[in-house]
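Student: I have a protein model open and would like to learn how to read it. Can we go through it together?

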Amino acid sequence: MSNIERVENLGQMIQMAEPDFNRLAQIHGAVDFAREASFALEAVKNNSFLAGVAMGSPDSLKRAVINVAAIGLSLSPVYKLAYLVPRKKQVCLDITIIVTGN
């Protein structure tokens with residue numbers, strides 16, 4: 001499979017999350033599917049290991065993207081609040097813990 005085909009397949013996998021994502025995102029309105037889907041696709045395009053894990057476990061990629069809506073934190077690389085990471089042959093959503101001083 002070429003890189004272009006892989007990216008197209010991953011994009012389709014991410015798009016499958018849209019209905020559930022939008023339903024959960026309505027609760028708080030903090031995230032937008034189109035933006036987060038583009039961040040997710042960039043993450044898998046820029047990390048071949050993550051892309052391979054996503055191809056092997058497309059449901060975990062879908063769940064990770066849906067979890068973005070559930071918690072309302074963006075995958076934006078600028079904000080650095082949440083990340084898609086490969087773990088135990090699954091794509092997981094990891095969040096950054098922000099510690100503030102008193």
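Predicted model: local features only at pLDDT ≥ 70, side-chain atom pairs only at ≥ 80, totals over all residues.

Student: Which residues of H3 are buried?

Tutor: Buried means under 20% relative accessible area. In H3 that applies to Phe 33, Glu 36, Ala 37, Phe 39, Ala 40 and Val 44. They cover an arc of only 160° around the axis, so they sit on the same side of H3.

Student: What covers those buried residues?

Tutor: The cover includes four helices: H1 (3–15), H2 (18–25), H4 (48–56) and H5 (58–71). Strand S1 (82–87) is also part of it.

Student: What happens at the start of H3?

Tutor: Look at Asp 32. One of its side-chain oxygens comes to within 3.3 Å of the backbone nitrogen of Ala 34.

Student: Now the charged side chains. Why can they pair?

Tutor: Side chains of opposite charge can pair when their charged atoms come close. For a salt bridge, the cut-off here is a side-chain nitrogen of Lys or Arg within 4 Å of a carboxyl oxygen of Asp or Glu.

Student: How many salt bridges does the whole structure have?

Tutor: A search finds three. Take Arg 23 and Asp 20, whose closest N and O atoms are 3.6 Å apart. Both residues lie in helix H2, three residues apart, about one turn of the helix. Asp 20 counts as partly exposed, because its relative accessibility is 28%.

Student: Which residue does Lys 45 pair with?

Tutor: Glu 42. Their closest N and O atoms are 3.2 Å apart. Lys 45 and Glu 42 are three residues apart in H3, so about one helical turn separates them. Lys 45 is partly exposed at 42% relative accessible area, and Glu 42 is partly exposed at 38%.

Student: And what does Arg 87 meet in a salt bridge?

Tutor: Arg 87 meets Asp 94, at 2.7 Å from N to O. Arg 87 has a relative accessible area of 37%, so it is partly exposed. Asp 94 is partly exposed too, at 24%.

Student: Let's go inside. Which residues touch the most other members of the largest nonpolar core?

Tutor: Think of a core as buried nonpolar residues joined through side-chain atoms. The largest one here has 28 residues. Phe 21, Leu 61, Val 65, Leu 75, Leu 84 and Val 91 touch the most other members. Two or more residues come from each of H1, H2, H3, H4, H5, S1 and strand S2 (90–95). H5 gives the most, with six residues.

Student: What does Leu 61 touch?

Tutor: Leave out residues up to four places away in sequence. Leu 61 then touches Leu 10, Met 13, Ile 14, Val 44, Ala 54, Leu 84 and Val 91. Val 44 is also one of the buried residues of H3.

Student: Last, the backbone. Where does Lys 80 lie, and what is its phi?

Tutor: Lys 80 is in the loop between H5 and S1. Its phi is near 55°, a positive value in a residue other than glycine.

Student: Is Lys 89 buried or exposed?

Tutor: Exposed, because its relative accessibility is 71%. Lys 89 lies in the loop between S1 and S2. Its phi is positive, about 65°, although Lys 89 is not a glycine.

Methods. Residues numbered from 1 in each chain as written. Heavy atoms only, no water. Buried < 20%, exposed > 50% of the residue type's maximum accessible area, 1.4 Å probe, protein only. Arc of directions from axis to C-beta. Contact = heavy atoms within 4.5 Å. Polar contact = N/O pair within 3.5 Å; in protein donor to acceptor, adjacent residues only side chain to side chain. Core = buried A, V, L, I, M, F, W, Y, C linked by side-chain atoms within 4.5 Å.
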